[in-house]
Amino acid sequence: MGASLSNLTEGASGPGLGDIPESCVACVFTYLTPPEICNLARLNRAFRGAASSDSVWEKKLPPNYKDLLDLLPPERYQNLSKKDIFAQLSRPVPFDDGNKEVWLDRVTGRVCMSISAKGMTITGIEDRRYWNWVPTEESRFHVVAYLQQIWWFEVDGVVKFPFPADIYTLSFRLHLGRFAKRLGRRVCNFEHTHGWDIKPVRFELSTSDGQQASSESCLDETEQEEAYGNHKRGLWIEYKVGEFVVTDSVPATEVRFSMKQIDCTHSKGGLCVDSVFIIPSDLKEGKRRGVLK
């Protein structure tokens with residue numbers, strides 16, 4: 001295959017790829033993914049020119065990409081080509097004092113979002129007897145909330161954003177046990193981990209246009225330890241709350257979300273709360289490993 005492409009490019013005998021008009025190549029590129037376009041750009045000058053065309057990359061950007069650019073300082077995107085704008089937006093764009101990030105999926109150009117625990121309301125977070133902020137490289141926000149022990153567990157959050165039309169999945173990223181690095185190795189401590197196998201945590205979401213979703217999950221499974229080992233401790237797991245549908249980016253969609261376990265007959269602890277993800281549902285399905293439905 002490589003040899004065939006090489007011959008076509010060189011045009012040794014008859015027309016080759018180098019003879020295809022750049023405008024025709026650009027039309028073909030509109031049907032390809034950004035990684036595919038960048039790979040083909042190396043073939044020849046026409047392909048390279050088409051791969052930089054604004055008309056190609058305009059179609060890879062979401063319709064309301066300017067709403068995302070508004071989160072950046074103007075000097076970061078002024079005079080950029082559409083290709084460079086796509087590259088800029090495919091990296092996390094922080095907002096709300098750095099507690100939220102939005103970015104474009106590099107393959108599909110669809111909008112994804114993450115919300116830090118620092119951007120949520122956590123019951124008792126100010127009391128160091130219950131909660132602590134733990135710096136870590138395992139979070140995209142470089143810090144997680146660690147619960148030592150509490151009776152009333154509740155975490156709430158809200159985001160208002162002009163999401164493009166799509167179906168989105170919202171999930172919480174959680175970790176049972178406290179982790180650290182010792183002598184270059186990752187170790188987990190489950191000293192405070194208790195209470196999550198007694199009653200399930202309830203996850204909920206609602207949107208400004210009346211959509212609602214909920215789910216329940218026990219975060220711990222101690223009864224499996226002897227026979228199979230506990231597969232929920234010491235791992236980052238994304239717990240799916242539910243889905244919501246956006247039909248238009250105007251008006252902006254407000255999404256409220258929460259997780260709670262407020263049965264005060266027992267305490268619970270030893271849990272790290274990292275973030276909430278809002279991702280197009282079929283993208284999430286493609287990365288189902290580590291996600292509990």
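Buried here means under 20% relative accessible area, exposed over 50%, and partly exposed in between, with a 1.4 Å probe and protein chains only. Helices (H or I, at least four residues) and strands (E, at least two) are DSSP runs, numbered from the N terminus. The model is predicted: local features need pLDDT of at least 70, side-chain atom pairs count only at pLDDT 80 or more, and totals for chains, interfaces and linings use all residues. Residues are numbered from 1 along each chain as its sequence is written, and side-chain values use heavy atoms, with hydrogens and water left out.

**Stop 1: strand β3**

Select residues 111-116. This is β3, and 6 of its 6 residues are buried. In a regular strand the side chains alternate between the two faces of the sheet. On β3, Val 111, Met 113 and Ile 115 point one way, while Cys 112, Ser 114 and Ser 116 point the other way.

**Stop 2: the partners of β3**

Two strands pair if DSSP finds at least two bridges between them. Lys 100 has Ile 115 of β3 as its bridge partner. The hairpin of β2 and β3 has 6 residues between the strands, and in this hairpin Gly 109 takes a positive phi near 75 degrees.

Now select residues 271-280, which form β15; this strand pairs with β3 in the antiparallel sense over 4 bridges. Met 113 has Ile 278 of β15 as its bridge partner.

**Stop 3: helix α7**

Select residues 82-89. Lys 82, Ile 85, Phe 86, Gln 88 and Leu 89 are the buried residues of α7. Looking down the axis of α7, these residues fall within an arc of 160 degrees, so they line one face of the helix; the arc is that of the directions from the helix axis to the C-beta atoms. The buried residues of α7 pack against α3 (34-40), α5 (54-58), α6 (65-69), β1 (93-95) and β2 (100-104), where contact means heavy atoms within 4.5 Å.

**Stop 4: the largest cavity**

Select Leu 174, His 175, Leu 176, Leu 219, Lys 232, Leu 235, Ile 237, Tyr 239 and Leu 271, which line the largest cavity. A cavity is a set of points, on a 1 Å grid over the protein atoms alone, where a 1.4 Å probe fits but cannot get out; lining residues have an atom within 4 Å of a point. β8 (166-176) and β13 (236-246) each give two or more residues to this lining, and the largest share, 3 residues, comes from β8.

Note on methods:
1 Å grid on protein atoms, 1.4 Å probe; cavity = no way out; pocket = protein on both sides within 12 Å on 5 of 7 lines; lining within 4 Å.
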